[in-house]
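Work through the exercises below with the model open beside you. Each task is followed by a solution in steps.

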Amino acid sequence: MSNISITSVGGYQAYEVAFLALKMLREFCNTSGQFIDEYFMHNEQFIMVGDNDMQRREIMRYVIDKASEYWFEAIKDGSKIPIEHDFYLKMYQLSEPDLSKRFDYILFDECQDANPVLIDILSKQPSQKVFVGDEHQQIYSWRGAVNSYDQFDGQAYYLSQSFRFGNKIAELAS
């Protein structure tokens, strides 16, 4: 709240609006989107805001404006506004990096836990890509991870044996 001016709106206190703006910034940093915009009005994280549709729209438009203001202040050269770790990954994604200038191929392990910002970075790379993981072991959906196997084309290969344990343990588990 000390970095941008936030006031009460739609029955929400300034600190509640600041919390929603921070929540929106975190959501934005995990998307493939370019801007904080009306898309977030329909995000499931914000469905319960307000008592009715008119109040919800008023609050959410204000939160979108404040989250955008914070974002643009935070990414200015020399900014002293605090950021979270997800901010610089988002800034990297928005810079549209071309990793093929440095790497011939990219191996992405545990790709079942990729979020849309990582998927966007990788999908735009012309380098050969190898994705490794197990969609049944996804544990980071709470941080915005999606089933990235649905996002990429290519041939799937499956392990025919486990390298974590031997046949006796596999038989016992089965």
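Predicted model: local features only at pLDDT ≥ 70, side-chain atom pairs only at ≥ 80, totals over all residues.

**Exercise 1. Describe the surroundings of Gln55. Is this residue buried or exposed?**

Solution. 
- Step 1. Gln55 belongs to helix α2, which spans residues 53-74.
- Step 2. Apply the cut-off: buried means under 20% relative accessible area. Gln55 has 17%, so it is buried.
- Step 3. List contacts, leaving aside neighbours within four places in sequence. Gln55 is in contact with Gly10, Gly11 and Gly50.
- Step 4. Look at the Gly10 contact in detail. The side chain of Gln55 reaches the backbone oxygen of Gly10 at 2.4 Å.

**Exercise 2. Find the residues that touch the most other members of the largest nonpolar core.**

Solution. 
- Step 1. The largest nonpolar core has 28 residues. Met24 and Ile36 touch the most other members.
- Step 2. Ask which helices contribute. α1 (14-29) and α2 each supply at least two residues of this core.
- Step 3. Apart from the largest one lies another core, of eight residues, including Cys111, Ala114, Ile119 and Phe152.
- Step 4. Go back to Met24 and skip residues up to four places away in sequence. Met24 then touches Ile36, Phe40, Phe46, Met60, Val63, Ile64 and Ala67.

**Exercise 3. Name the buried residues of helix α4 and say what covers them.**

Solution. 
- Step 1. Helix α4 covers residues 116-123. Its buried residues are Val117, Ile119, Asp120, Ile121 and Leu122.
- Step 2. Their cover includes helices α1 and α3 (85-94). It also includes strands β1 (105-109) and β2 (128-132).
- Step 3. Asp120 forms a salt bridge with Lys124, with the closest N and O atoms 3.2 Å apart.
- Step 4. Lys124 is at 45% relative accessibility and counts as partly exposed.

**Exercise 4. How many salt bridges are there? Work through two more of them.**

Solution. 
- Step 1. The count is four salt bridges.
- Step 2. Take Glu84 and Arg26. Their side chains meet in a salt bridge at 2.6 Å, N to O.
- Step 3. This pair links distant parts of the chain, 58 residues apart. Glu84 is in the loop between α2 and α3, while Arg26 is in helix α1.
- Step 4. Glu84 is partly exposed at 27% relative accessible area. Arg26 is partly exposed too, at 36%.
- Step 5. Take Glu69 and Lys66. Their closest N and O atoms are 3.0 Å apart in a salt bridge.
- Step 6. Explain the spacing. Glu69 and Lys66 are three residues apart in helix α2, so about one helical turn separates them. An α-helix has 3.6 residues a turn, so residues three or four places apart point the same way.
- Step 7. Glu69 is partly exposed at 32% relative accessibility, whereas Lys66 is buried at 11%.

**Exercise 5. Which residues form a nonpolar patch on the surface?**

Solution. 
- Step 1. The patch consists of Ile83, Tyr88 and Met91. Together they have about 270 Å² of accessible area.
- Step 2. Tyr88 lies in helix α3. Tyr88 is partly exposed, with a relative accessible area of 47%.

**Exercise 6. Trace what Glu135 touches.**

Solution. 
- Step 1. Glu135 is in the loop between β2 and α5 (167-173). It is partly exposed, at 41% relative accessible area.
- Step 2. Not counting residues up to four places away in sequence, Glu135 touches Gln112, Asn147 and Tyr149.
- Step 3. With Asn147, a polar contact of 2.9 Å joins the two side chains.
- Step 4. Glu135 and Val146 are eleven residues apart in sequence. Their C-alpha atoms are 9.3 Å apart in space.

Note on methods
Residues numbered from 1 in each chain as written. Heavy atoms only, no water. Helix = DSSP H or I, 4+ residues; strand = E, 2+ residues; numbered from the N terminus. Buried < 20%, exposed > 50% of the residue type's maximum accessible area, 1.4 Å probe, protein only. Polar contact = N/O pair within 3.5 Å; in protein donor to acceptor, adjacent residues only side chain to side chain. Contact = heavy atoms within 4.5 Å. Core = buried A, V, L, I, M, F, W, Y, C linked by side-chain atoms within 4.5 Å. Patch = residues over 30% accessible without salt bridge, like charges linked within 9 Å, V, L, I, M, F, W, Y side chains within 5 Å. Areas by Shrake-Rupley, 256 points an atom, 1.4 Å probe, with all protein chains shown as cover.
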